[in-house]
Amino acid sequence: MPVILMTPREIIAKAWAITKKERGIRAWGYVGSFFETMLQLKVLLYQIYFFWSFIIVGNTVGLFEIEEMLYAYLHVEVFATIIVIFLVMFVIEIFLPTLCLGAIIGLSAKSYRKEEVKGGLVLGLYNFFPLFVLKEALVLSSVSMAVTFSSLILRYGENRGLIIFLLSALWFLWLFSMMLKFCLSFAEECVVIRKTSTFVAMGKSFKMVISHLSKIVFLIILLFVISLRILINALMALLLPALIVGFAFLFSLFLSATLTVILTGIIAVILIGLASYLFAYLEVFKQTAWTITFLELNALKDLDVIDS
């Protein structure tokens with residue numbers, strides 16, 4: 001008897017219903033979005049400063065120049081505390097979103113199958129390492145990472161021809177990574193739901209994407225139109241750094257450097273927390289849509305199987 005698939009519109013509607021219904025999944029989405037946003041914001045602020053110094057001022061800054069400036073203006077105890085917090089947060093920001101991703105995929109699959117929605121921590125921990133390997137294999141598909149590497153090439157490259165070659169190679173690899181990321185759209189779901197190894201999940205995802213390309217492309221278009229994630233991320237990229245820099249400049253007019261850094265840090269965390277609340281809905285909605293799509297397509301017989 002043939003399997004009747006949900007249409008992309010039905011998948012979108014079901015994903016949004018699960019997103020609104022399941023607070024537990026949104027909680028995992030909020031935690032992951034909060035720390036991922038903090039990491040992206042710090043990378044962006046660093047690159048804005050490096051760009052301003054290199055292009056506007058004409059000064060090539062070192063990798064740790066911001067830390068050297070903080071050390072010069074702050075008390076040693078305050079500086080040491082900030083550096084320790086920064087390092088701890090950096091480790092959390094690298095690893096925790098991957099753990100949250102495993103929980104979101106597993107819990108959304110349970111909700112779709114009308115099972116009890118619990119066990120997020122176990123799902124996150126059990127699937128952490130294969131998901132982390134998948135994430136790091138596609139690290140260059142991130143625009144922020146490509147911009148960071150481009151900044152390093154521009155600031156420390158000495159030969160103009162070599163700089164052009166390295167930048168061309170970098171952005172070619174970024175484009176290749178984006179295409180690879182599309183082909184591996186279902187690898188994470190395959191790892192969490194089917195308990196396969198990383199490389200088996202890559203192969204399964206590639207086969208599934210090629211087999212059902214038209215349905216997947218239509219789903220991507222619907223997701224883009226509905227969530228407008230790229231637009232929201234672009235607004236965040238422009239708005240949050242501008243607000244944080246604005247508050248820092250305002251406080252520096254009448255407060256000491258130590259108080260300016262502390263107050264600006266507190267306001268930055270509050271702003272990121274508010275932005276992450278919205279991102280949590282979008283992240284859970286997007287991931288749930290992909291999870292439902294994987295479950296639907298996984299129920300079909302593979303196109304290369306003629307007689308089972």
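Q: What makes Glu22 count as buried?
A: Glu22 has 13% relative accessibility. Buried means under 20% relative accessible area, exposed means over 50%, and partly exposed lies in between (1.4 Å probe, protein chains only). At 13%, Glu22 therefore counts as buried. The model is predicted: local features need pLDDT of at least 70, side-chain atom pairs count only at pLDDT 80 or more, and totals for chains, interfaces and linings use all residues. Residues are numbered from 1 along each chain as its sequence is written, and side-chain values use heavy atoms, leaving out hydrogens and water.

Q: Where is Glu22 found, and what does Glu22 touch?
A: Glu22 is in the loop between helix 1 and helix 2 (23-57). Helices are DSSP runs (H or I, at least four residues) and strands are E runs of at least two, numbered from the N terminus. Not counting residues up to four places away in sequence, Glu22 touches Ser111 and Val117. Contact means heavy atoms within 4.5 Å.

Q: How many helices and strands are there in the protein?
A: The protein has 13 helices and zero strands. Of its 308 residues, 40% count as buried. Among contacts between residues at least 6 apart in sequence, 77% join residues at least 24 apart.

Q: Why is Lys114 called exposed?
A: Lys114 has 68% relative accessibility, so it counts as exposed. Lys114 is in the loop between helix 4 and helix 5 (120-126). Its phi is near 60 degrees, a positive value in a residue other than glycine. Most residues other than glycine have a negative phi.

Q: Is Lys195 buried, exposed or partly exposed, and what decides that?
A: The relative accessible area of Lys195 is 44%, so Lys195 is partly exposed. Lys195 lies in the loop between helix 9 and helix 10. Just after helix 9, Lys195 takes a positive phi of about 55 degrees.

Q: How do you know that helix 6 and helix 9 are roughly antiparallel?
A: The axes of helix 6 (residues 128-137) and helix 9 (residues 187-194) come within 10 Å and cross at roughly 170 degrees. That makes helix 6 roughly antiparallel to helix 9. Angles under 35 degrees count as roughly parallel, over 145 as roughly antiparallel, 65 to 115 as roughly perpendicular and the rest as oblique. Axes are lines fitted to C-alpha atoms, for helices over the stretch in contact, and angles run from 0 to 180 degrees between N-to-C directions.

Q: Which residues bring helix 6 and helix 9 together, and of what classes are they?
A: Pro130, Leu131 and Leu134 in helix 6 meet Ala187, Glu188, Val191 and Val192 in helix 9. That contact has six nonpolar residues, no polar ones and one charged. Ala, Val, Leu, Ile, Met, Phe, Trp, Tyr, Cys and Pro count as nonpolar, Asp, Glu, Lys and Arg as charged, and the others, Gly among them, as polar.

Q: Why are helix 9 and helix 10 called oblique?
A: Their axes come within 8 Å and cross at roughly 120 degrees. Helix 9 and helix 10 are therefore oblique to each other. Ala187, Cys190, Val191 and Arg194 in helix 9 meet Ala201, Met202, Lys204 and Ser205 in helix 10. By class, this contact has five nonpolar, one polar and two charged residues.

Q: What is the hand of the crossing of helix 4 and helix 6?
A: The crossing is right-handed. A crossing is left-handed if the near helix is turned anticlockwise from the far one by less than a right angle, and right-handed if clockwise. Helix 4 and helix 6 pack at about 115 degrees, with axes 9 Å apart.

Q: What makes a set of residues a nonpolar core, and which residues have the most contacts inside the largest one?
A: A nonpolar core is a set of buried Ala, Val, Leu, Ile, Met, Phe, Trp, Tyr and Cys residues joined through side-chain atoms within 4.5 Å. The largest has 35 residues, and those with the most contacts inside it are Ile25, Leu134, Phe186, Ile216, Ile292 and Phe294. Helix 13 gives the most to this core, with eight residues. A second, separate core of six residues includes Phe35, Met38, Leu41 and Met89.

Q: What does Leu134 contact, leaving aside its neighbours within four places in sequence?
A: Leu134 is in contact with Ala187, Glu188, Val191, Thr198 and Met202. Leu134 is also one of the buried residues of helix 6. Those buried residues pack against helix 4, helix 5, helix 9 and helix 10.
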